[in-house]
Amino acid sequence: MKESLPFDHRPDPAIGDALRRALEPGDDSAFVARVVAQVERVRAGAGASWDAVLAGWARVGVAAAVTIALAAGYLLGRSAAAPTPRRASVADAVLAPVTSSAEVEVVLASVIDN
Amino acid sequence: MADPQPPGEAVRIGQQDEAELVARARAGDRAAFGVLVARYAATARRVARAALGDPDDADDAAQDAMLSALVKLDQYDPRRPFGPWLLRIVANAATDRRRRRTVRRVEPLDAALVAGGTRPDQTAERRALGQRLREALATLPARRRIAIVLFDVEGYSHAEIAVVLGIPEGTVRSEVFHARRLLRTLLADWKEEAE
């Protein structure tokens, strides 16, 4: 049987203190100033900030999707409206207006054979 | 350098106050965002450093995460605590940076340093212990390092860490347990050498 892990639900102060000292990042105020300055730089990007660029791409994407959807709808509608060519039957040949004597002979021969 | 705070003090901030700060930051109040950055700077930097090892890389990752959080503020649910939400972004930014890093700038692990070695003089003792802890941390998987820092240093609960890391709570307990086992051995060895 697998031994259950003895979990401790409270932080270990000895490990916590040692790790805190080991990972001490140094002066936080310099870091905060750096982040805030970066935010200012991005916002002052005269509309060229990356979120503005992304928003622009999103607009172009939506316009392209609408155009493609309209074109696809048009093509589908057109193909549905076009008549489907049908294979000619013997009845079509008999009922069709006679255009030449050769055609009459072929049709009559096939009827007599049947 | 600021005195170390007890675990959790930095992150146990009134949720109501914090929700208001987030709302103001979302509305474009830069000062409010600055306050949030200042509140979470130390924690974010420690978590990033636990994941990456190198302090400069860690600060870059923490900064990227803060900017990313500002852009994503609309996605934050104010009914939930802000800390785990922000630290998830930090952990992801650090993990992504670690994956992208082609040249590992952290010094190679010195087995003698982790396992023991000559004890330095008293003045350098604390610094040497810190170095030994960092080296020991570097042998652990990134997720385990982040879990133990969030639990034992920052005072987050297993449930909150589960949100940060996007893993089940039971897995968080296991990660903390395994990390502690290594670090407790290291600290015990260090204490023995000191006596």
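Modeller: Here is one residue, then its chain, then the side that meets the other chain. This is a predicted model: local features need pLDDT of at least 70, side-chain atom pairs count only at pLDDT 80 or more, and totals for chains, interfaces and linings use all residues. Residues are numbered from 1 along each chain as its sequence is written, while chains are lettered from A and ligands numbered from 1 in the order in which they are written.

Take B:Ser174. B:Ser174 sits in helix H9 of chain B, residues 169-194. Helices (H or I, at least four residues) and strands (E, at least two) are DSSP runs, numbered from the N terminus. B:Ser174 is partly exposed because 16 other C-beta atoms lie within 10 Å. The cut-offs are these: buried means 20 or more such atoms, exposed means 12 or fewer, and partly exposed is in between, with C-beta atoms placed from the backbone. The C-alpha atom of B:Arg144 is 8.8 Å from that of B:Ser174, though 30 residues separate the two along the chain.

Now the whole chain. Chain B has 9 helices and 0 strands. Buried residues make up 37% of its 195 residues.

Next, the side that meets chain A. Here 38 residues of chain B are in contact with 26 residues of chain A. Contact means C-beta atoms, placed from the backbone, within 7 Å. H2 (30-52), H3 (55-71), H6 (125-138), H7 (142-153) and H9 of chain B each supply at least two residues to this side. H2(B) gives the most, with 11 residues.

Conventions:
Two residues are in contact if their C-beta atoms, placed from the backbone, lie within 7 Å.
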